[in-house]
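Reader: I have a structure open and would like to talk it through with you. Could you take my questions one at a time?

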Amino acid sequence: MRGAAKWLATAAVALTAAAGAAPTASADTEPNDGITQVEGPLGGGVTYAGGITTANDSDWYFVYVQPQTQLDISLTTPGESPCNYYDASRLTLRTSDGGSIASTVAARNETSHIRYTTPAALTRYLLQLDADCTGGSYRFRLDPATAVVSGPGLPAPLPAPEPNESAGQAYGPLSGGTPYAGTIDTQNDVDWFWFYSAGPYAYDLTLTGVGGGCSDDVDARLYADGSSSSIDGLSAYPNTVSHLVRTAPGFARYLIEVTGCQGAAYRVQLDPGTAIALAPPAPPPAPPAAVPAPKPKPKPKASKRCRTARAGQVRWSRAIAKSRRQLRRVSTRSARRKLKRKLAAQQRTLRRASDRVTIYCR
Ligand SMILES: [Ca+2]
Ligand SMILES: [Ca+2]
């Protein structure tokens, strides 16, 4: 349950809304205490109200903002807040990796601003709200409303099951684009993971230090499969995200070893999903077996009628040639006339013989 101060803050916001002021939204749904518990995505042009209910409470939100836009974040400490100092409420604008961009404080009954022009590359931001005292309340809003855009929520992480105390017990294969949550449960706890790189692609190994555990950093080391010497490593303090960007030479198996102080909670994630494989690539298909060249078909033997027809064709061709030679030798008109008649008859016979060849030798 919320404290009395938080209830008063909500009541005051409701009264302001009834009087026709800017729209308000209830926020601050616990737990929202760190970079992995951020509440959102928030909208623009809306007043959010929340409170700091315990001594170590901190409220984290996230928002998507248009690139290259002038963003105005206003922070107000309402009059009912029990915090009574210059920095009664504090708001810190952070990158999505937890790095501080700017911060502002607001005394009771006062409003202060962070005015920030967003760069071209970043679109997701974190807001951290704190108060100077337990029970402190705050309100904040982001303007202009059009600067704030919608975006995906945070994906729920998958647990990293124990035991995973050695490379041989490593948990995997990890999927790309998926957060895995683990905890260093004991002083000598070690957590091992493994994954496949899909090919010669760049991938980003992110390590997130979850807030609220021990205050020291968590460390991750990257190993090639079968090697006892790490390739590279990275560390993340609570409420920060660290990146290790590498390009794999090709498909390969890698291991990740995570260590930290007792109680440290963390997340590991590999991106993009296309750079990470869940299984070895399928072997290339076997080349097709050599097909023997087809044997040339033997020519069908000519039929008897075909052979007879061809013989007739040859015989009459020779006879015509002989008659033509005789025609060149004879000189008398009557002999030439006789030979020409004979030649014409032979040519008719040859045509009939050729017709028979066409018919019988198909
Ligand atoms: Ca909180
Ligand atoms: Ca372990």
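Reader: In which sense do strand E14 and E17 pair, and over how many bridges?

Author: Strand E14 (residues 202-209) and E17 pair in the antiparallel sense, over eight bridges, where strands are DSSP runs of at least two residues, numbered from the N terminus, and two strands pair if DSSP finds at least two bridges between them. This is a predicted model, in which local features need pLDDT of at least 70 and side-chain atom pairs count only at pLDDT 80 or more, while totals for chains, interfaces and linings use all residues. Residues are numbered from 1 along each chain as its sequence is written, chains are lettered from A and ligands numbered from 1 in the order in which they are written, and side-chain values use heavy atoms, with hydrogens and water left out.

Reader: What is the bridge partner of glycine 209 in E17?

Author: Glycine 209 has threonine 240 of E17 as its bridge partner.

Reader: And what is the strand order of the open sheet?

Author: The order of this five-stranded open sheet is E11-E12-E19-E14-E17, with mixed pairing. E11 and strand E17 (240-247) are the edge strands, because each pairs on one side only.

Reader: Switching topic, which residues are the protein donors of the calcium ion?

Author: For the calcium ion (ligand 1) they are Glu30, Asn32, Asp33, Asp57, Ser58 and Asp59, with donor atoms 2.2 to 2.7 Å from the ion; donors are N, O and S atoms within 2.8 Å of the metal, or 3.2 Å for Na, K and Ca, and water is not among the atoms, so sites may look incomplete.

Reader: Is serine 58 buried or exposed?

Author: Serine 58 is buried because its relative accessible area is 8%, and buried means under 20%, exposed over 50% and partly exposed in between, with a 1.4 Å probe and protein chains only. Aspartate 59 is buried too, at 0%.

Notes: Helices (H or I, at least four residues) and strands (E, at least two) are DSSP runs, numbered from the N terminus.
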